[in-house]
Amino acid sequence: MPVLTGKELRIVGFLCNWCSYGGADTAGVGRFNQPTDLRIIRVPCSGRIDPLFIAKTLINGADGVLVSGCHPRDCHYAEGNFYARRRLEVLKRFLPILGIDPGRFDYTWVSASEGQRWQKVVTAFTEQIHTLGPAPRFDAVAPELLAKVAGAISQGGNRVAA
Amino acid sequence: MSRLEELKTRIKEALPGLECVIGWQKGYDALHNTPLFMRSAEDVDKLEWGALNVHNPAVYLPTMAGKKVGVVVKGCDSRSVVELLQENLINRDNIVIFAAGCDGVVDLTKVKAKLAAAGTGAGVVTAVSADGKTVSVTAGGKTVAMPMAEVAADKCLRCQYPNAVLADTFVGTPAPQPTPVPSANADLDALDAMSVPDRMAFWRYHMDRCIRCYACRNACPMCVCRDHCIAQSREPHWLSQDDSVTEKLMFQVVHAMHLAGRCTECGECQRACPMDIPVLALKKHLNRTIHDLFDYQAGVDAAAIPPLLQFKTEEVNIKERSW
């Protein structure tokens, strides 16, 4: 059994092929120490990332999601990250209403040469997720919490008449 | 001439050049109106206008692409038409918009609750009469008078556009702008007051009774993917057929995210929900977010580009995290 079982959390990273994936590689080649909780998924561009990737990842039990792309004005496809920035910011502000801590998701920009910055980002984000702890499961909400919110809004007439 | 009579006259004039005109007619009982597709002058005589016209007829427009059709709209419905125009989902040359001032529509779930409280049921309604202030419903031999303010749809309590934002034919006098009522945002206020874990419990509690009928999607004028909805596609397989609360909530997240910057808050999703799940709250929160970030409201200006289909190299309101 690996020594880290139970200590590691599940963090999923979506990294663009051209900058951030290269940046993570640079950090690896440079042998910078990094936490090992992050699992990286390589995508062509941060503009390829549907906010639903992140929502589904979090709803299905990931403890954190990190998105990283090329710096604004540096996108390989010229403007993918500009669109991504708007979508990701909207998603970040949408998560709390679902009951997901917005601290479980972050997005940033790391270029292929910024191995040190990548190390810093991964370390800071992993620490942040460890502070938050394992994500509460949507399908395992405590019954007393359910009872507490049951009367939060008035029920509609279909329910009354039924 | 009343708004209804004038609407009928104007539609009859325009009908020869149109495939059909979409509006509302009396449904299976006095309480329920239902969509009407007018193809002849006799059909036009069935048209209704008033507090029972709860449906948003704009939902049918994208399915009629290529045909020249007319549509009768309330103020809120006109915003859906404008949003469809903004996204090039319908062609302005093929749409003729008929409109009149709207004094608000009822929320049938509130009416049913009132009827239940008065000891009668919604299944036996024989007559409904409404003036601007009161709705009187006769059910099971009993007449129950309900103040409009208590049974109006929530969207009417916060209505900003009682008169169509875009119309080819506007009949009658414009309706006055209603004063916003604080209780119109009770759902969002309740969610805002909760802690984050409580909100998760809230959705867990409400989504539990979802039957995945997708009525919310089918009633939504902005859900134009229809048979290609990712909720039902196998490739990619976004949602499984598994009857779990997680899958049910995930569908609402899909719906809400696909409406980001597009939703006009017509409230059709929540009205169509047979289980009364407060799904509109998610979209209202997103709209508030979009408004804060991009100072934008969907479906008001046919020439505006939706905020997620454009960008600025320097975003004014997005403060990125420095690591």
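Author: In this predicted model, the buried residues of H1(A) pack against E1, E2, E3 and H4 of chain A. Helices (H or I, at least four residues) and strands (E, at least two) are DSSP runs, numbered from the N terminus. A residue is buried if 20 or more other C-beta atoms lie within 10 Å of its own, exposed if 12 or fewer, and partly exposed in between, with C-beta atoms placed from the backbone. By that criterion H1(A) is mostly covered, with 7 of its 10 residues buried. These are Ser20(A), Tyr21(A), Gly22(A), Gly23(A), Ala24(A), Thr26(A) and Ala27(A). Just after the helix, Arg31(A) adopts a positive phi of about 55°.

Residues are numbered from 1 along each chain as its sequence is written, while chains are lettered from A and ligands numbered from 1 in the order in which they are written. As the model is predicted, local features need pLDDT of at least 70 and side-chain atom pairs count only at pLDDT 80 or more, whereas totals for chains, interfaces and linings use all residues.

One partner of H1(A) is H4(A), which covers residues 115-132. At 1.5 Å a residue, its 18 residues should span 26 Å, and the end C-alpha atoms are 26 Å apart, which agrees; the expected span is 1.5 Å times one less than the number of residues. Buried in H4(A) are Gly115(A), Trp118(A), Gln119(A), Val121(A), Val122(A), Phe125(A), Thr126(A) and Ile129(A). Seen down the helix axis, these buried residues fall within an arc of 165°, so they line one face of H4(A); the arc is that of the directions from the helix axis to the C-beta atoms. On the other side of H4(A), Glu127(A) and Thr131(A) are exposed. The cover over the buried residues of H4(A) includes strand E1 (11-16), helix H1 (20-29), strand E2 (38-43), strand E3 (64-69) and strand E4 (105-109) of chain A.

Of the 162 residues of chain A, 46% count as buried. Two residues are in contact if their C-beta atoms, placed from the backbone, lie within 7 Å. Among contacts in chain A with a separation of 6 or more, 81% join residues 24 or more positions apart. The C-alpha trace of chain A spans about 65 × 45 × 20 Å along its principal axes.

Chain A also meets chain B. The contact takes 46 residues from chain A and 50 residues from chain B. On the side of chain B that touches chain A, H8(B) provides the largest share, 10 residues. That side has 34 nonpolar, 7 polar and 9 charged residues, where Ala, Val, Leu, Ile, Met, Phe, Trp, Tyr, Cys and Pro count as nonpolar, Asp, Glu, Lys and Arg as charged, and the others, Gly among them, as polar.
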